[in-house]
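Take a walk through this model, one region after another. Keep the viewer open and follow the residues as they are named.

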Amino acid sequence: MNEHAVFMQRCNELASIAKQRGDSPVGSVLVLDGVIIAEGIEGGKTHRDITYHAEIEAIRQATEKLNSQDLSACTMYTTHEPCIMCSYVIRHTRVRTIVMAVTTGDIGGSSSAYPLLADTTIKKWGPPPEVIIYK
């Protein structure tokens, strides 16, 4: 099994937990040096808080664990394309690579009319992350 497959499998396990709770089936992990350092499970309905997206939860865990908002050495794996809100947080924390299984169209941070993951006009964010669609 290749490296992407291992991390995407974990994302799918997390997404299954979210689905069982009644949330959208989204799971995310952040990887540093080949090791998962943080995980996120979609929880907007469970917590009655729209900011409980899997990607943001993983970023919250990682920044706490690393005691830094600089995640430029990390790769994020996620079952779904990060939304516009999550994409802003990803860019702010400078996640280097995003590996996603499904694009989300009009709300996606890459495929929508507001492709924050590819933006180069906001200089303080630095270069955009590499985006990989995992199939």
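**From one leucine to the whole fold**

Leu66 is partly exposed, at a relative accessible area of 34%. Here buried means under 20% relative accessible area, exposed over 50%, and partly exposed in between, with a 1.4 Å probe and protein chains only. Leu66 sits in helix H3. Helices (H or I, at least four residues) and strands (E, at least two) are DSSP runs, numbered from the N terminus.

A word on the source. This is a predicted model, in which local features need pLDDT of at least 70, side-chain atom pairs count only at pLDDT 80 or more, and totals for chains, interfaces and linings use all residues. Residues are numbered from 1 along each chain as its sequence is written, and side-chain values use heavy atoms, with hydrogens and water left out.

Back to Leu66. Leaving aside neighbours within four places in sequence, Leu66 is in contact (heavy atoms within 4.5 Å) with Leu32, Ile37, Leu71 and Cys74. Take Ile37 from that list. Ile37 and Leu66 are 29 residues apart along the chain, and their C-alpha atoms are separated by 8.9 Å.

A nonpolar core is a set of buried Ala, Val, Leu, Ile, Met, Phe, Trp, Tyr and Cys residues joined through side-chain atoms within 4.5 Å. The largest one has 14 residues. Which of them touch the most other members? They are Leu30, Ile37, Leu71, Met76, Ile90 and Val95. Strand S1 (27-32), S2, H3 and S3 each supply at least two residues of this core. H3 gives the most, with 3 residues. In soluble globular proteins, nonpolar side chains tend to be buried together.

Now pick out Ile90. Not counting residues up to four places away in sequence, Ile90 touches Ile59, Met76, Pro82, Val95, Ile98 and Leu117. Another core lies apart from the largest one.

Ile90 is one of the buried residues of helix H4 (residues 84-93). What do the buried residues of H4 pack against? Their partners are helix H3 (54-66), strand S3 (74-80) and strand S4 (97-102).

Arg94 follows H4. Arg94 lies in the loop between H4 and S4. Its phi is positive, near 65°, in a residue other than glycine. Arg94 is partly exposed, at 37% relative accessibility. Asp33 is another non-glycine residue with a positive phi, about 55°. Asp33 is found in the loop between S1 and S2. At 72% relative accessibility, Asp33 counts as exposed. Most residues other than glycine have a negative phi.

Turn to helix H1 (residues 3-21). At 1.5 Å a residue, its 19 residues should span 27 Å. That expected span is 1.5 Å times one less than the number of residues. The end C-alpha atoms of H1 are 28 Å apart, which agrees. Asn2 caps the N-terminal end of H1, with a side-chain oxygen 3.0 Å from the backbone nitrogen of His4. At the other end, H1 is followed by Gly22, whose phi is positive, near 100°.

Which residues of H1 are buried? They are Ala5, Phe7, Met8, Cys11, Leu14, Ala15 and Ala18. Their cover includes S1, S2, S3 and S4.

The structure holds 4 salt bridges, each a side-chain nitrogen of Lys or Arg within 4 Å of a carboxyl oxygen of Asp or Glu. In one of them, the side chains of Glu13 and Arg10 meet at 3.0 Å, N to O. Both lie in H1, 3 residues apart, about one turn of the helix. Glu13 is partly exposed at 36%, and Arg10 is partly exposed at 26%.

Glu39 also forms a salt bridge with Arg10, the closest N and O atoms being 2.7 Å apart. Glu39 lies in strand S2 (residues 35-41) and Arg10 in helix H1, so the pair ties together parts that are 29 residues apart in sequence. Glu39 is partly exposed, with a relative accessible area of 25%.

Asp23 pairs with Arg21 in a further salt bridge, with the closest N and O atoms 3.5 Å apart. Is Asp23 buried or exposed? Asp23 counts as buried, at 5% relative accessibility. Arg21 is partly exposed, at 38%. Salt bridges that share partners join Arg10, Glu13 and Glu39 into one network.

Key: A polar contact is a pair of N or O atoms within 3.5 Å; within protein, one must be able to donate a hydrogen and the other to accept it, and residues adjacent in sequence count only if both atoms are side-chain atoms.
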